[in-house]
Amino acid sequence: MQKYKILWADDEIDLLRPHILFLENKGYDVVPVNSGSDAVETCEKEYFDVVFLDENMPGMTGLEALKEIKARLPNLPVVMITKSEEESIMEEAIGGQISDYLIKPLNPNQILMSVKKILDNKRLVSEHTNMGYQQDFRDISMALNDYLDFDEWADVYKKITNWELAFDKQSEADMQDVLDTQKVEANNYFSGYISDNYEDWIQNPNEAPMLSHNIMKEKVFPALGKGKPVFFLVIDNLRYDQWLILKPFVLEYFNLQEETSYYSILPTTTAYARNAIFSGLMPLDMAKKHPDLWVGEDKEGGKNNNEDKFIQAQLDREGLDIKWSYQKVIHTNQGKNLADSINSLMTNELNVIVYNFVDMLSHARTDMAMIKDLAPDESAYRSLTSSWFNHSPLLDALKRISNKEATLIITTDHGTIRVKRPFKIIGDKNTNTNLRYKQGKSLSYDSDDVLIARDPEKFKLPKVNVSSSYVFALKDQFFAYPNNFNYYVKYYRDTFQHGGVSLEEMIIPIISLTSRNGG
């Protein structure tokens with residue numbers, strides 16, 4: 001066990017000798033001083049893991065010493081000890097960011113529990129987490145060797161993701177490498193599952209999970225007409241793990257009604273998956289029914305400039321004659337304008353909001369070395385997402401929504417995967433540039449470790465020409481051309497990409513909430 005060092009300041013420190021011996025017998029080093037000023041001075045000279053401060057010492061009081069210590073060492077845990085139970089003293093100590101508060105007379109177990117709570121908490125949590133995952137590891141491994149259905153795959157992915165977040169809280173996660181390996185194995189099996197079943201899902205919708213083009217009909221429209229507005233928030237590129245990071249912030253203001261998942265269609269990109277959400281149609285049907293709105297691979301310009309028109313067409317098709325709005329937020333000023341407009345949006349039955357920050361974050365991480373350094377791994381990427389959200393105009397907008405009677409539905413169009421292995425592919429000059437799927441004619445590659453849509457119409461995908469096909473990257477692969485291969489691989493390896501087949505890209509959270517403070 002790590003040897004922790006405790007500083008104990010009390011003007012009657014000699015009377016506490018039995019307690020000090022008790023802690024020393026438990027393996028702690030205790031340095032006693034008999035004044036607040038000595039405590040401050042000793043903290044400046046030596047490193048301590050925790051400080052015990054008597055509140056009522058002559059000269060510099062415990063509260064005064066607390067302020068001095070925290071000014072110099074804000075992260076040093078301090079336990080305040082006092083005979084008084086006055087509320088004002090407790091509030092002042094708590095405001096001074098104490099870690100614990102003990103009332104005299106003390107007993108040894110009370111002291112030991114306080115120390116363990118502060119100093120051994122991380123170790124105890126780490127041991128418990130590692131033990132819990134070891135028990136779950138076998139269950140997950142056995143599940144991967146079974147024939148899982150789409151609901152069971154979602155459960156496996158969520159279970160792995162929850163363990164990832166549990167390990168994020170530990171400074172030393174002994175089982176992290178094992179979890180990483182198991183996640184790679186899960187994605188290998190999942191890629192095979194999608195390769196075997198995706199075309200059947202498209203051809204037999206009754207046997208398929210909820211897909212992108214179903215979610216407004218199944219999750220959004222049923223919430224309408226209940227006397228309060230529905231806010232449908234689509235945060236582009238938001239993975240399930242990122243939702244779990246944002247969830248505590250959101251639940252401060254909303255009551256959770258339902259948290260489930262759906263599957264993104266292929267390709268798992270904004271142009272296909274988000275247009276499918278808003279149109280309620282698969283890409284082939286969009287291209288046939290709305291040739292004026294669908295922007296194919298062979299056309300220049302933005303692929304998602306007609307989202308509002310697709311929404312209106314779906315509302316018309318469903319016979320929903322309602323007052324609604326659509327807003328897309330790309331820049332911070334647009335986010336602030338959205339927050340300021342919440343009151344006026346309350347008169348609409350439906351408000352559709354597209355928030356693009358997370359997508360921009362993933363692209364910035366690819367293109368900017370500084371962002372890549374800030375988020376070198378999955379855990380840091382989640383942390384960066386949390387930091388953005390906690391200081392974003394989006395959180396301000398959600399707070400304002402929560403002050404009214406409203407329903408909030410949060411989802412995304414697809415996730416991303418951190419790519420690591422290049423896959424050589426050759427295409428002509430008209431082949432698209434996405435790293436996780438390729439669409440074109442005469443696509444050439446050596447390995448069959450990809451998902452191929454030789455007849456795109458069976459995947460409900462439009463064909464640019466008669467010989468067009470789609471090829472989807474599996475697992476953590478990314479497509480690279482043989483020309484400038486080494487440069488290309490160095491630039492894109494270890495970046496977050498989307499468009500292909502993986503747990504992270506395809507299994508999508510969708511959450512329904514109601515205002516907590518409204519009404």
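**Aromatic pairs, a polar contact and a cavity**

Q: Which side chain is joined to that of Y272 by a polar contact of 3.3 Å?
A: A polar contact is a pair of N or O atoms within 3.5 Å; within protein, one must be able to donate a hydrogen and the other to accept it, and residues adjacent in sequence count only if both atoms are side-chain atoms. At 3.3 Å, the side chain in polar contact with that of Y272 belongs to Y470.

This is a predicted model, in which local features need pLDDT of at least 70 and side-chain atom pairs count only at pLDDT 80 or more, while totals for chains, interfaces and linings use all residues. Residues are numbered from 1 along each chain as its sequence is written, and side-chain values use heavy atoms, with hydrogens and water left out.

Q: Is Y272 buried or exposed?
A: Y272 lies in helix α10, residues 270-279 (helices, H or I, have at least four residues and strands, E, at least two; both are DSSP runs numbered from the N terminus). Buried means under 20% relative accessible area, exposed over 50%, and partly exposed in between, with a 1.4 Å probe and protein chains only. The relative accessible area of Y272 is 2%, so Y272 is buried.

Q: How many aromatic pairs does a search of the whole structure find?
A: Rings of Phe, Tyr and Trp (its six-membered ring) pair if their centres lie within 6.5 Å; planes under 30 degrees apart count as stacked, over 60 as edge-to-face and the rest as tilted. The number of aromatic pairs found in the whole structure is 35.

Q: What is the angle between the planes of Y437 and Y470?
A: Y437 and Y470 are 6.4 Å apart, centre to centre, and are stacked, with an angle between the planes of 15°.

Q: How many residues apart in sequence are the parts that the pair of Y437 and Y470 ties together?
A: Y437 is buried at 4% relative accessibility, and Y470 is buried at 0%. Because Y437 lies in strand β13 (residues 437-440) and Y470 in strand β15 (residues 469-473), the pair ties together parts whose separation in sequence is 33 residues.

Q: Why do F459 and F472 count as a stacked pair, and what is the angle of their planes?
A: The ring centres of F459 and F472 are 6.3 Å apart, and the pair is stacked because the planes are at 15°.

Q: Where does F459 lie?
A: F459 is buried, at 4% relative accessible area, and F472 is buried at 0%. The pair links distant parts of the chain, 13 residues apart: F472 is in strand β15, and F459 is in the loop between β14 (450-453) and β15.

Q: Which ring does the charged end of K424 sit over?
A: A charge sits over a ring if NZ of Lys or CZ of Arg is within 6 Å of the ring centre and within 35 degrees of the ring normal. The charged end of K5 sits over the ring of F48, 5.2 Å from its centre. For K424, at 4.7 Å from the ring centre, the ring is that of F485.

Q: Which helix gives the largest share of the lining of the largest cavity?
A: The largest cavity has a volume of about 30 Å³, and its lining residues include L233, L338, I342 and L408. Four residues, the largest share of the lining, come from helix α18 (residues 393-402).

Technical notes:
On a 1 Å grid over the protein atoms alone, a cavity is a set of points where a 1.4 Å probe fits but cannot get out, and a pocket is an open set with protein on both sides within 12 Å along at least five of seven lines; lining residues have an atom within 4 Å of a point. Grid points are joined across faces, edges and corners, and a volume is the space filled by probe spheres set on the points.
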